[in-house]
Amino acid sequence: KTADIPAAIPRHREPEAVVEPLEPPTEEVLARIKADLAEVLQLMGYESDVRVHFAEDAVQCHISGEHEEQIVGPEGRTLDSLQYLLRKMLSLVLPDRMNVALDVGNFRERRIEELKKLAVSLAEQVKADGKTQSIPALNPSERRVVHVALQDDKGVRSRSVGDGLFKKVLIYKPGSKGRKSGPRRRGRQGGGSEEQ
């Protein structure tokens, strides 16, 4: 009952604690990361050039060479898996808050632009016919790209559904609760909260 809630409770969130900037890894740690990644690629049969540096509070790893397409894999799945594996390998030498970003060629940049265009295109389709659209199997950073691309569009909503690392993003009209049209409707997907 809302009457039981004291009026003195503030409605705003308390300011979050100030997070100290991350201490950059030493040159020795960066050299180890580079060597470990190069070795994994060699064991995969995809010997490549590897560059590693620290920027934007993350260890940035860049791979280039003749095997770029194979390392990226279908829709970036192999690259995402390799990035996950590298993060696990480095968990003992890097702080928990430090991100490890892995890219091949300029795949990540191209993927972001593709996802933005796809999100806007599907949003227009939803506004035209009212049918919910989805983008399947996106990793967390890709889902965020879609949500941010649509956040200022009042004609649609977006939300993530599914379990595990890869989820799909539903794009739907406000009030439709992000449900698919037709017989494949699922009751679990109700609710209007969007993941950001």
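1. Helices here are DSSP runs of H or I with at least four residues, strands are runs of E with at least two, and both are numbered from the N terminus. The model is predicted: local features need pLDDT of at least 70, side-chain atom pairs count only at pLDDT 80 or more, and totals for chains, interfaces and linings use all residues. Residues are numbered from 1 along each chain as its sequence is written, and side-chain values use heavy atoms, with hydrogens and water left out.

2. Helix α1 spans residues 27-44, 18 residues in total. From first C-alpha to last it reaches 26 Å, close to the 26 Å expected at 1.5 Å a residue (1.5 Å times one less than the number of residues).

3. The buried residues of α1 are Leu 30, Ile 33, Asp 36, Leu 37, Val 40 and Leu 41. They lie on the same side of α1, because they cover an arc of only 130° around the axis (the arc of the directions from the helix axis to the C-beta atoms). The face turned away carries the exposed residues Glu 27, Glu 28 and Leu 43. Buried means under 20% relative accessible area, exposed over 50%, and partly exposed in between, with a 1.4 Å probe and protein chains only.

4. What covers the buried residues of α1? The cover includes β1, β2, α2 (68-72), α3 and β3. Contact means heavy atoms within 4.5 Å.

5. Strands β1-β2-β3, in that order, form an open sheet with mixed pairing. Two strands pair if DSSP finds at least two bridges between them. β1 (49-55) and β3 (99-104) are at the edges with a single partner strand each, so one side of each has no neighbour in the sheet. The twist averages 20° from one strand to the next. β1 and β2 (residues 58-64) are antiparallel over seven bridges. Ala 55 has Ala 58 of β2 as its bridge partner.

6. Helix α3 (residues 77-89) packs on this sheet and touches β2 and β3. Its direction makes about 145° with that of β3. Axes are lines fitted to C-alpha atoms, for helices over the stretch in contact; angles run from 0 to 180 degrees between N-to-C directions.

7. Another open sheet has the order β4-β6-β5, with antiparallel pairing. β4 (133-138) and β5 (157-161) stand at its edges, each with a single partner strand, so one side of each is left without a neighbour. Five bridges join β5 to β6 (residues 167-172). Ser 160 stands opposite Val 169 in β6. Helix α4 (residues 107-129) packs on the sheet, touching β4 and β6, at about 155° to the direction of β4.
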